[in-house]
Amino acid sequence: MNALVEARALVVRFGLGPGRRLTAVDGVDLAVPRHATLALVGESGSGKSTLGLTLLRVHRPAAGRVLFDGVDITDWDERRLRALRPRMQMVLQDPYASLDPHVTVGEALAEPLRACRGLGRAAARERAVELLESVGLPGSTAGRRPHLLSGGQRQRAGIARALALEPELLIADEPVSALDVSTRAQVVALLDELRRRHRLTVLLIAHDLALAGQVSDRVAVMYVGQVVEEGPAPDLIRLPQHPYTVALLSATPDPDPRIERTRPRITLRGEPPSALRPPSGCRFHPRCPIARDVCAVSPPPLREVRTGHRAACHFAGELESPVTPTRIWGG
Ligand code: SF4
């Protein structure tokens, strides 16, 4: 695989006071293919945002490597990273965080163009209007303050700002979770269209597996700091190999009300465990409906179970295929 950005055996820890350390990312191997979208999916606290920020080298890993465009940037200092930053940009869940409420949207977009590209005031303003139009906003949005825009318009403006420096990598961290349902699909479709138009590489961090799967080439599922399944999106959605992925898929409502009424659902026991004290063996075993004795003592490796499709479950590939909620849990 020709990857633009790669995590190798990545570990990220945070100190929480004397003797308390949280391992937010624990031994992740993941490659984001060039000019493609990889969706990183999981519940809150699974470590997906921390992994995204570490790939951008906002966080420094405790162990493992981060490679960007084939170059090991794990130990780069801030001066070297500053020169690299225009090539990697982030779209945040809350676009207010990237759009200064005290300046107009046009000024917010023009600022990096002046600072990093050396454009004059008029040229930067003109380019800001072009960027807004490229994300489906009228050029007149440039003269407005962020608080006067709807949530969807603000997120489009946030995406335009992320594109201002023509990055190669875009990390979109829950870009639609603050939006209403009808706007979500539009913004996700826009990200997909921009990826094709600008030949971007996108890491889409999300918790809606079905929505992310629709616009992604590959999907990685995280659970308590580890990737438990990763593979081509259509394959992973149609033939999930890890019981946690099956459970996430089961939580997605079916658009057909007749199927929705009768389809089997999986309700997982309890809450995800804390990364401060992850369970022994397979971290999913206390909630897994098909756990056996071995699961509590032996951590399953992330291994290839189908071509280009990896899963960390002792029984992945042995379960009936396709692995549907009905097949596993007999619903
Ligand atoms: Fe469930 Fe065991 Fe597979 Fe973990 S290894 S997902 S506990 S069956």
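Which strand supplies the largest share of the lining of the largest cavity? Let's look at some close-ups and find out.

This is a predicted model, in which local features need pLDDT of at least 70, side-chain atom pairs count only at pLDDT 80 or more, and totals for chains, interfaces and linings use all residues. Residues are numbered from 1 along each chain as its sequence is written, and side-chain values use heavy atoms, with hydrogens and water left out.

**View 1. The largest cavity has a volume of about 130 Å³.** Of its 13 lining residues, Val176, Ala206, His207, Asp208 and Leu211 are the closest to the centre. A cavity here is a set of points, on a 1 Å grid over the protein atoms alone, where a 1.4 Å probe fits but cannot get out, and lining residues have an atom within 4 Å of a point. Grid points are joined across faces, edges and corners, and the volume is the space filled by probe spheres set on the points. The answer to our opening question is β8, with three residues. At least two lining residues each come from α6 (181-198), β8 (201-206) and α7 (209-215). These helices (H or I, at least four residues) and strands (E, at least two) are DSSP runs, numbered from the N terminus. The lining has eight nonpolar, two polar and three charged residues. Ala, Val, Leu, Ile, Met, Phe, Trp, Tyr, Cys and Pro count as nonpolar, Asp, Glu, Lys and Arg as charged, and the others, Gly among them, as polar.

**View 2. The second largest cavity holds about 90 Å³ of space.** Among the 14 residues lining this cavity, Pro243, Cys282, Cys288, Cys295 and Cys313 are the closest to its centre. Its lining is made of eleven nonpolar and three polar residues, with no charged ones.

**View 3. Helices α5 (residues 151-163) and α6 pack with their axes 10 Å apart, at an angle of about 20 degrees.** That makes α5 roughly parallel to α6, a term for angles under 35 degrees. Axes are lines fitted to C-alpha atoms, for helices over the stretch in contact, and angles run from 0 to 180 degrees between N-to-C directions. Residues in contact (heavy atoms within 4.5 Å) include Ile159 of α5 and Leu190 of α6.

**View 4. Helix α3 (residues 105-117) and α5 have axes that come within 9 Å and cross at roughly 20 degrees.** That makes α3 roughly parallel to α5. Val105, Ala108, Leu109, Glu111 and Pro112 of α3 meet Ala157, Ala160 and Arg161 of α5. By class, this contact has six nonpolar, no polar and two charged residues.

Note on methods:
On a 1 Å grid over the protein atoms alone, a cavity is a set of points where a 1.4 Å probe fits but cannot get out, and a pocket is an open set with protein on both sides within 12 Å along at least five of seven lines; lining residues have an atom within 4 Å of a point. Angles under 35 degrees count as roughly parallel, over 145 as roughly antiparallel, 65 to 115 as roughly perpendicular and the rest as oblique.
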